[in-house]
Amino acid sequence: MYAHEKISDMVAQQCLTEMYPKGKKIELQESDESCIIYCVLKKFGIINGNGQFNLDIYRKRVQMAHQLDSRNLMNDKGGACVESAEATQHKQDVCKKAKVFNDCTHLYRMIF
């Protein structure tokens with residue numbers, strides 16, 4: 001996983017707070033993953049509400065993650081992953097599109 005750092009964890013928590021009512025016990029399901037990932041990517045500006053990706057912001061997030069990890073993990077600049085997300089049969093569904101992109105880049109990973 002690339003972006004396992006405090007800011008990403010805080011943004012993910014914000015998304016969970018926005019998506020689920022307060023005071024209710026949350027039992028996340030894998031089916032929730034795509035919209036949680038969309039929310040996180042959107043908050044960072046990697047994807048917008050129309051499902052368009054901003055590769056410049058994506059690359060900055062990857063660079064930040066590399067600063068925390070001494071291994072060189074990413075050679076692709078995200079272009080192939082955007083193509084993959086655009087080619088998906090669910091490209092009108094921004095949550096599924098974000099998940100396809102994220103699965104390709106491995107930027108974020110959720111643990112259930």
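A polar contact here is a pair of N or O atoms within 3.5 Å; within protein, one must be able to donate a hydrogen and the other to accept it, and residues adjacent in sequence count only if both atoms are side-chain atoms. Keep that one at hand for the first exercise.

This is a predicted model, where local features need pLDDT of at least 70, side-chain atom pairs count only at pLDDT 80 or more, and totals for chains, interfaces and linings use all residues. Residues are numbered from 1 along each chain as its sequence is written, and side-chain values use heavy atoms, with hydrogens and water left out.

**Exercise 1.** Find which side chain makes a polar contact with Asp 32, and where Asp 32 lies.

*Solution.* Start with the location: Asp 32 sits in the loop between H1 and helix H2 (33–44). Helices (H or I, at least four residues) and strands (E, at least two) are DSSP runs, numbered from the N terminus. Next, look at the side chains: those of Asp 32 and Tyr 20 are joined by a polar contact of 3.2 Å. Leaving out residues up to four places away in sequence, Asp 32 touches Tyr 20 and Glu 27.

**Exercise 2.** Check the length of helix H1 (residues 6–19) and work out how its buried residues are arranged.

*Solution.* First, the length. The expected span of a helix is 1.5 Å times one less than its number of residues. For the 14 residues of H1 that gives 20 Å, and the end C-alpha atoms are 20 Å apart, which agrees.

Second, the burial. Buried means under 20% relative accessible area, exposed over 50%, and partly exposed in between (1.4 Å probe, protein chains only). In H1, the buried residues are Ser 8, Val 11, Cys 15 and Leu 16. Viewed down the axis of H1, they fall within an arc of 140°, so they line one face of the helix. The arc is that of the directions from the helix axis to the C-beta atoms. As background, an α-helix has 3.6 residues a turn, so residues three or four places apart point the same way.

Third, the other side of H1: Lys 6 and Met 10 are exposed there. Gln 13, also in H1, is partly exposed, with a relative accessible area of 47%.

**Exercise 3.** Repeat the face analysis for helix H4 (residues 79–87).

*Solution.* Begin with the buried set, which is Cys 81, Val 82 and Ala 85. These cover an arc of only 100° around the axis, which puts them on the same side of H4. Then turn to the face away from that buried side, where Glu 83 and Ala 87 are exposed.

**Exercise 4.** Describe how H2 packs against helix H5 (residues 94–105).

*Solution.* Take the geometry first: the two axes come within 8 Å and cross at roughly 80°. That makes H2 roughly perpendicular to H5. Axes are lines fitted to C-alpha atoms, for helices over the stretch in contact, and angles run from 0 to 180 degrees between N-to-C directions. Angles under 35 degrees count as roughly parallel, over 145 as roughly antiparallel, 65 to 115 as roughly perpendicular and the rest as oblique. Now list the partners: H2 contributes residues including Ile 37, Tyr 38 and Leu 41, while those from H5 include Val 94, Ala 98 and Phe 101.

**Exercise 5.** Say what sets the phi of His 106 apart, and whether this residue is buried or exposed.

*Solution.* Locate the residue first: His 106 is in the segment after H5. Its phi is near 60°, a positive value in a residue other than glycine. Most residues other than glycine have a negative phi. To finish, His 106 is exposed, with a relative accessible area of 53%.

Conventions. Contact = heavy atoms within 4.5 Å.
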